[in-house]
Amino acid sequence: MVARPGEAAAERRPRQQRCPWEPRVSGRMEVLEETEEVEQAAEDPNSLNTSDSLQDEDTKVPEEEDSVSSDVPAFDWSSIDTSHLPSSYKTNSRQEKKLLHIADHFLQQYTHVCPDRKPLFLHPVNECGVEKFVSTTLRPTLLPYPELYHWSGCASFVSNYLTMEPLKCPITPPSSLYSPTTILKYQRGNCFDFTVLLCSLLIGAGYDAYCVHGYATQEICALDQTQDLCPLLKKPQEVPVKKSRKYRVKILADPQSKFELQQKAKKKEEVEDVQKKEEEEEVVTEAQDKPKRDPLRGLRVHAWVLVLSGKRKVPETFFINPFTGNNHNTTDECFLGIESIWNHRNYWVNMQDCRKGCKDLSFDLSDAIRWEIMLPKSNKLLTESSERDMGDMKENSDVSFEMPLSWVARINVTCREFENQYSQGKKVILYKQAKLEKWAPYVNEDGLVERLTVYADLDCTEVVEVTEWFKNREDMLDMRETNKQTQLTTDYFKPGHPLLLKAHTYTSLEPETGHTMEFYHKARADDLRKRVESATEMTEYFVGRDDFLHIRHVEFGERENGMDRPDVHLRPIVQIKECFHRNPEKPADEDVEERIFMIEDDSIQLIYHLEDHDTIASKVAFLRAIQRDRKGEEIFLTRDTCVKYQPWSSEKQKNVLHLYKLLWELRKEQKELKHQVRESEAEVLNVLKVREDEEANIKLTVSMYNAARRECQREAMALEKRQRSSQSSLVLENKNWEGDEFHAHHAATSASMPRLKQRPSRDKQLAQQKSHSLQEALLRNPRLAGHD
């Protein structure tokens with residue numbers, strides 16, 4: 001990685017050994033007298049050499065850490081063009097110069113009070129080589145995109161849009177800090193660049209956000225997530241609901257055998273021994289899988305964002321890692337300490353003990369003991385000598401200084417840039433046993449924007465499951481899950497599919513291979529929620545029907561030999577079974593719970609609901625319902641054809657006439673059910689055909705508010721129309737040419753054979769003459785008409 005301009009030329013500052021985070025004694029740094037400054041300057045000059053030698057020993061980075069491995073190609077920051085930048089990038093205003101002077105004086109006091117701590121990150125140089133205070137590098141901005149009004153959208157945009165660059169030295173902050181506009185232009189930066197851009201967007205969106213300069217683990221600093229579980233695979237924790245009971249019934253313990261208790265204790269000991277051995281083996285394997293101890297743990301510099309509770313209804317204070325866009329608790333062990341924080345209005349130094357990381361830190365910035373503020377409302381930071389240098393302040397007077405406005409130009413992100421967030425067109429993130437790939441919309445022709453691949457091993461060689469997310473699909477496809485072990489695929493659709501599909505599970509789009517279809521039942525007339533279809537059966541599930549039907553199960557038989565085409569030859573229906581919920585308006589002995597139509601056996605069976613006090617349900621069975629006597633007349637009800645068990649029914653239900661009418665109604669409903677089953681089969685075939693056509697001809701939709709994309713779509717459609725018209729004109733020309741050739745051939749043929757054309761006309765004349773003579777003969781002698 002090529003160093004940024006200004007880093008090599010920057011003056012090397014003396015570094016001390018990392019402090020043990022000693023707690024501060026005094027509540028606030030007091031103003032140093034001029035005599036103390038002189039005494040400090042008159043100290044032994046060898047002290048600087050000593051600190052330099054300590055820094056050299058402390059900053060010896062292992063050879064493995066000297067060059068941070070990265071797949072990102074190197075970028076030469078010295079080649080960027082700064083001539084077009086505004087004057088605020090190249091010069092400092094009067095207020096900014098005054099601020100830099102205050103910052104230098106604040107740093108002197110800080111190093112005097114905390115000599116063992118490293119210098120603060122106050123005013124690095126920008127892309128033009130001009131020193132700028134870090135607070136003025138923030139430019140609060142609210143971009144006109146709804147996604148960037150929430151912290152998660154801002155964090156996701158920054159982490160996706162920028163390419164991560166490691167720090168030149170992992171244990172020291174950078175000597176330069178570029179403006180967010182330059183970072184957005186070149187779409188790359190280090191952790192401080194990420195943090196400043198993200199904090200600018202969060203403050204513009206109304207959050208109480210701060211940039212943090214501190215220390216973190218190697219995985220956080222190097223963007224190594226191979227030991228982390230993918231956030232998409234984390235299951236939300238279920239909070240158990242405890243029901244408190246004021247009065248409880250005491251349940252007496254059952255008598256137990258002492259011998260059985262002894263046997264159980266022995267078995268428990270054996271199981272515990274086995275578990276201990278397994279745990280020991282797991283500990284050994286985990287120790288082998290764990291990375292080696294980081295020699296620079298606690299020294300690696302990192303920058304991230306702090307969001308305090310209060311504004312925008314944020315309930316708890318949390319961190320945001322700008323590299324990943326993920327939020328972390330302030331007690332997360334990945335963050336090892338904080339040096340300072342700042343926003344666009346002030347700068348605070350952490351004076352708390354961080355030997356236990358950030359677990360015990362208090363983020364009450366009004367506490368002057370824990371947080372040293374740089375620009376209080378009234379301060380005496382300027383000494384008499386500094387006042388004489390400035391020349392515009394009275395002697396020994398209190399100064400109230402406000403932070404100057406940001407020197408950064410307005411942050412602007414075009415619609416095209418916001419849509420295509422990935423600098424290289426694609427982003428790949430490696431997790432533990434998982435890989436996440438991301439694309440911008442419209443990059444892939446099938447609308448694929450995200451893919452998560454889950455592996456069975458740590459080496460990521462055996463694929464277990466693949467989940468894909470889509471956007472802007474005309475068929476409303478939203479997500480697809482594919483199990484590579486069972487080869488089972490599930491498609492999930494957004495509302496708006498022409499067939500009202502919600503989900504579709506299948507192994508193949510061929511019919512009768514096993515399909516599970518879920519529908520948006522509220523939009524259907526039949527309230528169908530789910531249909532499960534295979535080669536031998538079909539089950540339909542309904543919700544909220546007026547007739548209380550909730551399940552319909554159909555069993556099919558085998559086709560005859562030579563009739564294997566499902567689109568032509570229908571499967572014979574063997575049985576239809578329907579289940580109904582309880583209808584509270586009917587008595588239980590009149591409310592059917594199940595009815596089974598056995599088509600091949602020509603029998604019908606009814607099972608009724610039970611009342612609360614009943615134990616056995618009423619049943620009615622019609623066996624061989626249609627029979628014929630010797631004369632050929634139909635006999636419906638006999639002792640052999642109707643079997644009933646109705647212990648709780650009324651006399652009306654037991655009446656033969658009632659059963660006769662019931663049988664007639666069931667026969668009619670059986671015919672309707674057969675028709676409905678055939679319609680369901682036809683619907684399944686139609687869904688499979690439509691899905692096959694949609695996958696073969698994938699089309700993407702464009703929002704009416706996306707003017708640029710709609711213009712591209714119009715141009716593509718116009719080009720396709722021109723191509724079609726050119727093809728049709730070519731076809732028409734070919735037809736005309738063939739027609740002209742045919743006419744020419746026909747004319748030549750007719751000219752060569754003139755006699756053949758004249759013969760039909762002579763025959764016609766002879767036939768006409770014969771008919772005229774016959775009519776004259778009939779008129780002369782009418783008797784000939786009878787003989788004709």
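The side chain of Arg552 makes a polar contact with the side chain of Gln676, at 2.9 Å. A polar contact here is a pair of N or O atoms within 3.5 Å; within protein, one must be able to donate a hydrogen and the other to accept it, and residues adjacent in sequence count only if both atoms are side-chain atoms. Please keep in mind that this is a predicted model, in which local features need pLDDT of at least 70 and side-chain atom pairs count only at pLDDT 80 or more, while totals for chains, interfaces and linings use all residues. Residues are numbered from 1 along each chain as its sequence is written, and side-chain values use heavy atoms, with hydrogens and water left out.

Let us stay with Arg552. You will find Arg552 in strand β20 (residues 549-556); helices (H or I, at least four residues) and strands (E, at least two) are DSSP runs, numbered from the N terminus. Is Arg552 buried or exposed? Arg552 counts as buried because its relative accessibility is 6%. The word buried means under 20% relative accessible area, exposed means over 50%, and partly exposed is in between (1.4 Å probe, protein chains only).

Arg552 also has a charged partner, Glu540, and their side chains meet in a salt bridge. Arg552 lies in strand β20 and Glu540 in strand β19 (residues 537-542), so the pair ties together parts that are twelve residues apart in sequence. Both Arg552 and Glu540 are buried. Through shared partners, salt bridges join Arg524, Asp526, Arg531, Glu540, Arg552, Glu578, Arg595, Glu669 and Glu683 into one network.

How many salt bridges does a search of the whole structure find? The search finds 36, where a salt bridge is a side-chain nitrogen of Lys or Arg within 4 Å of a carboxyl oxygen of Asp or Glu. Here are some of them.

| Salt bridge | N to O distance |
|---|---|
| Arg552 and Glu540 | 3.3 Å |
| Asp475 and Arg473 | 2.8 Å |
| Glu512 and Arg571 | 3.5 Å |

Arg571 counts as buried, at 4% relative accessibility. In the Asp475 and Arg473 pair, Asp475 is buried at 6%, and Arg473 is buried with a relative accessible area of 4%.

Now for a helix. Why is helix α7 (residues 151-161) largely enclosed by the rest of the structure? Nine of its eleven residues are buried, among them Trp151, Cys154, Phe157 and Tyr161.

The surface has its own features. Leu657, Tyr660 and Trp664 form a nonpolar patch, with about 290 Å² of accessible area together. Patches are made of residues with over 30% relative accessible area and no salt bridge, joining like charges within 9 Å and nonpolar side chains (Val, Leu, Ile, Met, Phe, Trp, Tyr) within 5 Å. Trp664 belongs to helix α15 (residues 656-696) and counts as partly exposed, at 37% relative accessibility. A negative patch is formed by Glu278, Glu279, Glu280, Glu281 and Glu282. Of these, Glu281 lies in helix α11 (residues 258-289) and counts as exposed, at 52% relative accessibility.

Terms used: Accessible areas come from the Shrake-Rupley method with a 1.4 Å probe; for residues, only the protein chains shown count as cover. Lys and Arg count as positive and Asp and Glu as negative; His and the chain ends are not counted. The place of a charge is taken as NZ of Lys, CZ of Arg, CG of Asp or CD of Glu.
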